[in-house]
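Let's work through some exercises on how a fold is packed. Have the sequence and the model open beside you, and try each task before reading its solution.

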Amino acid sequence: MIDDRVAPHRVIRTVLPAELADVVALHARARATYYPDGIPQDGTDWHAAWRSAVTRPDGRVLCVVEAGRMTGLASFRTAEGAPADEVTLFQFHVDPGHWRRGTGTALHAACLEEWRADARRTAVLDVHVENLRAQAFYRRQGWVPEPAGPGEHHLRMRLALPGV
């Protein structure tokens, strides 16, 4: 398991509870890009949701820090009722100002390293059906979409984790 991954200009590490405001702000900036009419106000308390993700003992939240600023996030764990060797990537966000700079690819590689160390065989995620940019990113990383039903708001994608 990794605690810190360091490159000359980039660190990937576990998010600290004291960084929740930065996490929530990055999450909002990223989500705003695929909701052209504005982020739906569904009553979710994102500060509480992220606090839960950061503090739960059965999950991990990694962040990318570049030049002292948080630029990426990934939250994952085994979902309730899922097989023990399957991990769900619940959140994966890169600050829009850092797209196409390798931030997402580096964060994804760190997730893969964690999952393989934890003997995961499969990873799954749900991506918004209108978030074509994210879908293309995941496909480049080897994720395969599952058929979506009519009217679905999210597309389920799956990644086999060889070498475990």
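**Exercise 1.** Find how many residues the largest nonpolar core has, and which have the most contacts inside it.

*Solution.* Start with the term: a nonpolar core is a set of buried Ala, Val, Leu, Ile, Met, Phe, Trp, Tyr and Cys residues joined through side-chain atoms within 4.5 Å, where buried means under 20% relative accessible area, exposed over 50% and partly exposed in between (1.4 Å probe, protein chains only). The largest such core has 26 residues, and Leu89, Phe92, Trp115, Tyr138 and Trp143 have the most contacts inside it. Next, trace the elements: at least two core residues each come from S3, S4, S5, H3, S6, H4 and S8. H3 (103–117) gives the largest share, 6 residues. Helices (H or I, at least four residues) and strands (E, at least two) are DSSP runs, numbered from the N terminus. Another core, of 12 residues, lies apart and includes Leu20 and Trp50.

This is a predicted model: local features need pLDDT of at least 70, side-chain atom pairs count only at pLDDT 80 or more, and totals for chains, interfaces and linings use all residues. Residues are numbered from 1 along each chain as its sequence is written, and side-chain values use heavy atoms, leaving out hydrogens and water.

**Exercise 2.** Work out which residues of H4 are buried, and what covers them.

*Solution.* First, Ala134, Gln135, Phe137 and Tyr138 are buried. Viewed down the axis of H4, they fall within an arc of 160° (taken from the directions from the helix axis to the C-beta atoms), so they line one face of the helix. On the other side, Leu132 and Arg140 are exposed. Finally, the cover includes S5, H3, S6 and S8, with contact meaning heavy atoms within 4.5 Å.
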